[in-house]
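Me: I'd like to learn how to read this one. Can we go through it together?

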Amino acid sequence: MPDPGARDDRRPPEGALDGEHERTLAREFGVFAHYLGAPSDDRRLAEAYVRCHASLSSAPDDRFDAWLLALAQGGALRCALADCYARRTRPFGVLRRKLVLALAVLESMPQTHAAFDTAVASSAVAAWVSLVALGVRWGVTSVAAVLVILPVHLTLARSPATSRHG
Amino acid sequence: MASILVVGSGATGVHFAQSMLERGHDVTLLDVGFERPLPPQPAASFAALKEELDDDGAYFLGRRGEAVVYPSAHAKPYGFPPSKAYVFRRSPGEEVVERGFHPMLSYARGGLAEAWTGGSYELRDEEFGDFPFDGDAMRPHYATVARRIGVTGAPDDLQRYSPLTAPYLAPLEPDAHSAWLAERYSQRRDRINALGFHLGRSRVAVLSRDHGGRQACGELGRCLWGCPRGALYRPSLTLAELLTHPRFTYRPGVHVRRVLLDAQNRALGVVAVPVDGGSETEIRSERVFLAAGALASSQIYLETLVARGETDPSLPGLMDNRHVMVPFVNLRRLGARVETASYQFHMLAMAIDTGDWRHDVHGQITALKAAAVHPIVAPLPFDLATSQRVFRRMRAALGVANVWLSDTRREVNRARLEQRVGSAPKLVLEYGDDAHDLRQTERAVDTTRRALRELGCIAPKGMVQVLARGSSVHYAGTLPMTGDELEHSCRVDGSVRGMSGLHVVDGAGFPWLPAKNITFSLMANAVRIAELVG
């Protein structure tokens, strides 16, 4: 395995974080990586995330879509709420697209792939317990997400010019 | 002896060319011929590659993230990696109008089978019912192809659906999940067979021992990204062998547009355009063999008809297998280890006996091992962080049954051309499902889900994906071989009626499409035609 400490000495790849937009995306990636379970300030991960935005349609579908993204950018907990809500109401929206991109980067890079690309081996009982715990946590987060986000969603839905299409 | 022209280097082109060379002919193979990139670190496993590649994820995601599978209503649980981009790269200016049919086309060296999963199934006797020859005429050629490429298989319950007359290699050792399913099947065979469902080992063009200069499967888990050892067969391996033959000429970089005919409709050669630009050029030979794949060969034939003065010609009978993905969870495998350094593709196959061989169903069952994670995680019903945690705990329990249905030639499903001013015509593909298709699909899904339940697995109905027509990549039927004097058809030797010196040796000539992968049969048929015309 290569020495992780050697990575910083290498030539910066394309998409270096030299503009305001790129720095914003890098901060966004930091939040998403933390939310997905791999907190990292590794510059090369963020650079890969920024570079891969070339394949992403990053325009929000409407004001609510943009609001969900802004909420998620505010930290890992807010991101969890926004993503929980988006999975039901905006499964193909900009937040989900960006989170999937962040996951794709994390599972592909040497620094983080093992945390995403390996199975958690355990006894069947431990696996069931773990799944139940995850389910309970997801249920609680979902309820909180509805309580926090639904009012905003309804408000934005009623206000004019909510959608770029309508 | 004048050189014969073969158009296309896919599964049929290379095996036809090889057989013609063996018969003493000079062969010129014309091809667009996009090349496969060299695989990095050929000895590294899937996980080691992720550790060791110093390319910031570009091998897995693409330099611009083009291999990321974003969530959408039609997203599949996998994507083709950048290393396979050469397979699907379009020839410049090539456009297809898709009406109910969404094809994959290839202009690569080796064609679409550069990206196959190796399923190699002989047709049984009944399945030759619409062909102008019987199974006995094909058996020796299955054997020839099996000896050339190496196919694994073993006697089992699928033998009545996929005979084993050719020489097969021993199958690979099954992965733990596939072995578990096979064992469970053997315990509950009677109950499962009562559903019409039968299970056995896949017949796969992968080497379980070294063969013809190729290495046996090294269980690296890199099948989807491109086997670096040559263990999983692809036609470009045969093309590489042909390049060493003194009577073989390979001309890449040309896109054949049409066949050049004289006033008596005798072939004089082909008209091609250089892929990197330039004017049309004529390449002369009185024997032209179309092996560009059913769709591209149809386009060449249609453009030939237009050049002959026909207006708006069209080819009825376009076929493709209906493809359904049935994901499942085997709860008894929760928490088990997953060995990603393992042969990645299907190790089990299935058949559903419907009581009518024309409608029997075939499929391949893949236990999840190495994979891109995000396309699988994104459609799960939770937020993404929870989904990926659930996935890691359930990974050893996941699998998918890829189910195919047969297809028949129908008038409404056709290929034709749309003329464009100043550029090459577009290929138009039109396909419409009928109510019978939909009923058959529902029955196949229902039986598969019930059989999986008997095997101890849950296959949620909401996760079943009926893929768009064209996605199976088994295209056929536009210039069918038949004993009848039909317009736009071929004789038993692939010779096109109404033209002299022109033959079709690819899937366009298949008059019926069984539910199973036909690539092995396509290769064997190309060898059969070579024997008849050589």
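Me: Among contacts in chain A between residues at least 6 apart in sequence, what percentage join residues at least 24 apart?

Reply: Before that, some ground rules. It's a predicted model, where local features need pLDDT of at least 70, side-chain atom pairs count only at pLDDT 80 or more, and totals for chains, interfaces and linings use all residues. Residues are numbered from 1 along each chain as its sequence is written, while chains are lettered from A and ligands numbered from 1 in the order in which they are written. Two residues are in contact if their C-beta atoms, placed from the backbone, lie within 7 Å. For chain A the answer is 71%.

Me: Which elements make up chain A?

Reply: Helices (H or I, at least four residues) and strands (E, at least two) are DSSP runs, numbered from the N terminus. Chain A has seven helices and zero strands.

Me: And where does chain B touch chain A?

Reply: On chain B, helix 2 (46-52), helix 3 (58-61), helix 10 (374-377) and helix 11 (384-394) each give at least two residues to the side that touches chain A. Helix 11 of chain B has the largest share, eight residues. In total, 35 residues of chain B contact 49 residues of chain A.

Me: How do strand 7 and strand 8 of chain B pair, parallel or antiparallel?

Reply: Strands pair if DSSP finds at least two bridges between them. Strand 7 (residues 267-274) and strand 8 (residues 281-284) of chain B are antiparallel, with four bridges. B:Val270 sits opposite B:Ile283 of strand 8. Six residues lie between the strands of this hairpin, in which B:Gly277 takes a positive phi near 105°.
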